[in-house]
Amino acid sequence: MLTILPFILSISAHVTTTIEKGLNSGSIDRTINDKETEARARTAELVRAAKSGSEQARNDLAQQIRDPAFYFALQLLGNREDAMDVTQDSLMRFLGSLDRFEEARPVLPWVRRIVRNSVIDLQRRKSVRRANSLDSDGYEGESLEVIDLGSDSSDRAVNHERRKIVWNSLADLPESQREIVVLREYQDLSYQEIAALLEVPIGTVMSRLHRARIELRAKVLNRLEENELEGLL
Amino acid sequence: MAEHSCGLEPSEAENEELFSGLIDGVLTQADAQRMRLRLESCQGCGAFVEELRTIRANAQATSFKTPEADSWDERPIGAASRFLRTFGWLLVGLWLVINVVLVVRMDEISTTALRVLLGLSFAGWAALLLSVLIDRLKNPSDERYRRVVR
């Protein structure tokens, strides 16, 4: 009996630790969910106030969505000036159509839809193809920043180079492929969210995304080869 | 580059999108298991998926510089204002060039040409003024997004 006692104790300790970890991760998930619910409730409150005519609420709402709208426009267009124009138009359209918006719905998907429509309008108007409008030298230096994952400066340089190459390779993709890559890789939308935005079935999203990824990979490998950085990926 | 011992390039596989599904964690348990077995048995497929994952990770870790708050205030609002602003500046630029030409070759220019050039310069300034006026009408207060026409 005494010989198996330490064994029983170690098992019970292991079980206790596992349960505690489970409880802790559950509480972290709950905290994140609580924060998201809170943020959504705050936005819904702002939308309600803006709809009822509060200038301050309209201002706050515009400030809140301006950056996400700008990033999305920039990712779709690859051109900072055009992205700023699209962002401004989108904000005007967003505020102008507030009356038709139900405050219980999340704002960002709606903003994304408006930005996407504005981008399509702009591209139609100017017949801009990103491949033409993108001068990669001016583009990458101006708008791209790198989140520093490596403490070492050489790590940072490698990360920066890699991200720059992926980002610039996007310009070589056809528009529809670029869009789906942006939605999944840069905006981190789920397949359901992409399907809802593009109004296509999920199966189409999956196959279109995969073809786009294969194409992007080929472009990235090409650029790496051109720059003699083959081992970087 | 690693060989595809399964004999198929990922773009040739029957259910090629399963590779993406695996990366995004959206496959059914059976499909995920099938893909994992394939990746274990085919070095090329494993390397391919790893490259796609690296590209995704790099895309996700990319951030972009936010424009300065002031730069929003200086921009024309709407397509009409933007067009007039660009058009206006072009004509004003032309006007400056014309002025230089006028000073240098005063004797050789006819009165009609002079009138046309003068008209163009006025049109340029008018377009700029109109552009500013449009912005003001759309945004009469000092706050950028207030009082949008519903």
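Visitor: How many aromatic pairs does the structure hold over all chains?

Guide: The structure holds eight aromatic pairs over all chains, where rings of Phe, Tyr and Trp (its six-membered ring) pair if their centres lie within 6.5 Å, planes under 30 degrees apart being stacked, over 60 edge-to-face and the rest tilted. This is a predicted model, in which local features need pLDDT of at least 70, side-chain atom pairs need 80 or more, and totals for chains, interfaces and linings use all residues. Side-chain values use heavy atoms, without hydrogens or water, while residues are numbered from 1 along each chain as written, and chains are lettered from A and ligands numbered from 1 in written order.

Visitor: Which residues form one aromatic cluster?

Guide: A:F70, A:Y71, A:W167 and A:Y186 form one cluster together with B:F64.

Visitor: At what angle do helix α1 and helix α2 of chain B pack?

Guide: Two packed helices are described by the angle and the distance between their axes. In chain B, α1 (residues 17-24) packs against α2 (residues 29-41) at about 105°, with axes 10 Å apart, so α1(B) is roughly perpendicular to α2(B) (65 to 115 degrees). Here B:L18, B:F19 and B:L22 of α1(B) meet residues of α2(B) including B:M35 and B:L39, contact meaning heavy atoms within 4.5 Å.

Visitor: Where is confidence lowest and highest in chain A?

Guide: By pLDDT (the predictor's confidence in each residue, from 0 to 100), helix α6 (residues 136-143) of chain A is lowest, at a mean of 42, and helix α9 (residues 191-198) of chain A highest, at 96. The mean for chain A is 80, with 73% of its residues reaching 70 or more.

How values were computed:
Axes are lines fitted to C-alpha atoms, for helices over the stretch in contact, and angles run from 0 to 180 degrees between N-to-C directions. Helices (H or I, at least four residues) and strands (E, at least two) are DSSP runs, numbered from the N terminus. Angles under 35 degrees count as roughly parallel, over 145 as roughly antiparallel, 65 to 115 as roughly perpendicular and the rest as oblique.
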